[in-house]
Amino acid sequence: MKKSEEKVRYSSRISIKGAIIALIMLFTYHINLSAQVTPPKETPQLEFVMQLKVTLGETYSVGETPSGRRTVIPITGGTFEGPNIKGTILNGGADYQMANGNRTQIEAIYSIKTDDGVYIHIRNRGLINPGQDEQGKPSFYFRCAPQFEAPSNSPYAWLNNSLFVCAPDFSPGFQGIVLNVWRVK
């Protein structure tokens, strides 16, 4: 009787081990399946919205803070224009930058006024990070994501309901910064 009991126990241990191994293999297979990336069916497109030519005041630094080096660049005016919008940039905003190591966080807060008299508030957050291009030459990453607050009953209410990205451009002879803005479609 003892030998048959041992056979049953041994057989039970083998079947339990086999079941555990099968479960582990099934779980691993499931993880591999769920970890596979399916290519997206649609890639977002960009639609050009406007170019801002922003004039700037004298930059000043608050100095080193617990979060990094705080720099403020006053926004003194300028113009903007795009296919469906045109106007001026109002004096009184600023670009608040926080540098920590090589990375600089940007938060520009300002307002614009369209040619037909509509005021729009902008909060533009982004990053500047130096790097190198493919040839090893110095370059930098400078991208922002402006958020617009336009009156809901205005022809510019569409600015409230989309995501936007912007990148700098440099115009010889212009004393300020040029920003190109695109809507993510």
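Visitor: What makes Glu64 and Arg69 a salt bridge?
Guide: Their side chains meet at 3.9 Å, N to O. A salt bridge needs a side-chain nitrogen of Lys or Arg within 4 Å of a carboxyl oxygen of Asp or Glu. The pair therefore qualifies. This is a predicted model: local features need pLDDT of at least 70, side-chain atom pairs count only at pLDDT 80 or more, and totals for chains, interfaces and linings use all residues. Residues are numbered from 1 along each chain as its sequence is written, and side-chain values use heavy atoms, with hydrogens and water left out.

Visitor: Why is Glu64 called exposed, and what is Arg69 called?
Guide: Exposed means over 50% relative accessible area, buried under 20%, partly exposed in between (1.4 Å probe, protein chains only). Glu64 has 61%, so Glu64 is exposed. Arg69 has 38%, so Arg69 is partly exposed.

Visitor: What do Glu47 and Arg183 tie together?
Guide: Their side chains meet in a salt bridge of 2.9 Å, N to O. Glu47 lies in strand 1 and Arg183 in strand 10, so the pair links parts 136 residues apart in sequence. Helices (H or I, at least four residues) and strands (E, at least two) are DSSP runs, numbered from the N terminus.

Visitor: How do you know that strand 1 and strand 10 pair?
Guide: Pairing requires that DSSP finds at least two bridges between two strands. Residues 46–56 and 176–184 share nine, in the antiparallel sense. Leu52 stands opposite Leu179 there. Strand 1 also pairs with strand 3, antiparallel, over six bridges. In strand 3, Leu52 has Phe80 as its bridge partner.

Visitor: Why is Thr114 called buried?
Guide: Its relative accessible area is 3%, so Thr114 falls under the 20% limit.

Visitor: What makes Thr114 and Asp116 a polar contact?
Guide: Their side chains are joined at 2.4 Å. A polar contact is a pair of N or O atoms within 3.5 Å; within protein, one must be able to donate a hydrogen and the other to accept it, and residues adjacent in sequence count only if both atoms are side-chain atoms. The value is therefore within the limit.

Visitor: Which residues touch the most other members of the largest nonpolar core?
Guide: Leu52, Tyr110 and Ile120, out of 27 residues. Such a core is a set of buried Ala, Val, Leu, Ile, Met, Phe, Trp, Tyr and Cys residues joined through side-chain atoms within 4.5 Å.
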